[in-house]
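Subject: Structure for you to look at

Dear colleague,

Here is the structure I promised to pass on to you.

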Amino acid sequence: MSVHRTLLTILAMSLAGAFGAAAQETPAAPPVVVDAARGLPEWDKVYAVFTHPRCASCHVEDNRPRWSGAHYGGTRVHGFNVQGGSDGSGFGNPGLRCNTCHFESNSSVLHGPPGVVGWHLAPPEMVWWEKSSAEICAQIKDPARNGGRTLAEIAVHVRDDELVGWGWAPGPGREPAPGSAEATYEALTRWSESGAPCPSG
Ligand code: HEC
Ligand code: HEC
């Protein structure tokens, strides 16, 4: 009996070894089959939203939000020397916090400050401003740079977060982001179900 067990164990171990060796020769299989033909058009919709000024103006790497759009006469760095904050919080420098000017709803006048609850700048690793489709695709899949989120959590954040929602209701004079929060949630979900393919280059 014990001899049998030993033989079976050796057999099991060598089989495992053989499979293990085979597995090392080929890259680890992805959890789902990547369907680029289905996934990439969904990613393109997400990229169009993420790089729209209503989103990218807050997703910068130099700590300075942007003013961008027709009523600003082009694109420029946010006025008043506004920065994310020396404390790294994104809520502004002490003495000039975002909520000094940005309140819990949009100003109703052109050039007045827009607002929702909790207005602050995204951390620099979540940069989208002037980044390519491939760069943003890699960032959004990287838990070290996306706030430790799964792709499902990213999609829910886009559907439910108030700062994100502002991008589709930005107040007078500002063009909203394309589509809707719900449509972007659905595009992210279909992209993820297609194996989350990224464009090359
Ligand atoms: C001194 C007041 C003031 C402070 C402080 C301030 N803002 Fe603003 N912000 C404004 C005004 C005014 C506008 C609208 C300007 C316009 O429409 O011409 C604006 C607009 C914006 C926009 C819209 C840009 C766009 O492209 O639609 C963003 C994003 C923004 N601010 C982010 C921030 C963040 C983040 C902070 C804190 C780190 C902050 N602001 C701090 C006054 C301020
Ligand atoms: C007023 C500034 C502001 C605007 C405008 C804004 N965001 Fe953000 N965004 C943030 C902040 C701050 C965080 C970090 C919050 C966190 O990690 O919990 C963030 C994080 C995110 C994340 C988490 C993952 C990652 O890697 O960035 C997503 C997704 C996101 N935003 C989507 C959007 C979309 C889509 C829009 C436009 C429709 C948008 N945001 C507009 C401030 C903003």
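Before the ligand shells, a word on classes: Ala, Val, Leu, Ile, Met, Phe, Trp, Tyr, Cys and Pro count as nonpolar, Asp, Glu, Lys and Arg as charged, and the others, Gly among them, as polar. With that division, the shell around ligand 2 comes out as 15 nonpolar, seven polar and two charged residues. Please keep in mind throughout that this is a predicted model.

To stay with ligand 2 for a moment, 24 residues lie around it, and those that come nearest are Cys 55, Cys 58, Met 126, Asn 146 and Gly 167. Helices α2, α3, α5 (151-160) and α6 (162-166) each supply at least two residues of this shell.

Ligand 1 is surrounded by 27 residues, of which Ser 57, Pro 65, Cys 98, Cys 101 and His 111 are the closest. The elements that give two or more residues to this shell are α3 (53-56) and β1 (66-69), and it is β1 that gives the most, with four residues. Sorted by class, the shell around ligand 1 holds 14 nonpolar, ten polar and three charged residues.

The strand β1 also has a partner, for four bridges join it to β2 (residues 74-77), and the two strands run antiparallel. Within this pairing, Trp 67 stands opposite Arg 76 of β2, while the bridge partner of Gly 69 is Gly 74 in β2. Together β1 and β2 form a hairpin with four residues between them, and Gly 73, which sits in the turn, has a positive phi of about 70 degrees.

The remaining notes concern helix α7 (residues 181-193), which packs with helix α2 (residues 36-50) at an angle of about 140 degrees, their axes being 8 Å apart. The crossing of α2 past α7 is left-handed. On the α2 side the contact is made by Gly 39, Glu 42, Trp 43, Lys 45, Val 46 and Val 49, and on the α7 side by Thr 184, Ala 187, Leu 188, Arg 190 and Trp 191. By class, the residues of this contact are six nonpolar, two polar and three charged.

Helix α7 also meets α5, where the axes come within 8 Å and cross at roughly 170 degrees, and α5 and α7 are therefore roughly antiparallel to each other. The residues that make this contact include Leu 151, Ile 154 and Val 158 of α5, together with Thr 184, Tyr 185 and Leu 188 of α7. Taken by class, the contact of α5 with α7 divides into eight nonpolar, three polar and two charged residues.

With best wishes

Key
Residues numbered from 1 in each chain as written. Chains lettered and ligands numbered in written order. Predicted model: local features only at pLDDT ≥ 70, side-chain atom pairs only at ≥ 80, totals over all residues. Near = placed C-beta within 6 Å. Pairing = 2+ DSSP bridges. Axes fitted to C-alpha atoms, helices over the stretch in contact; angles between N-to-C directions. Left-handed = near helix turned anticlockwise from the far one by under 90°. Contact = placed C-beta atoms within 7 Å. Parallel < 35°, antiparallel > 145°, perpendicular 65-115°, else oblique.
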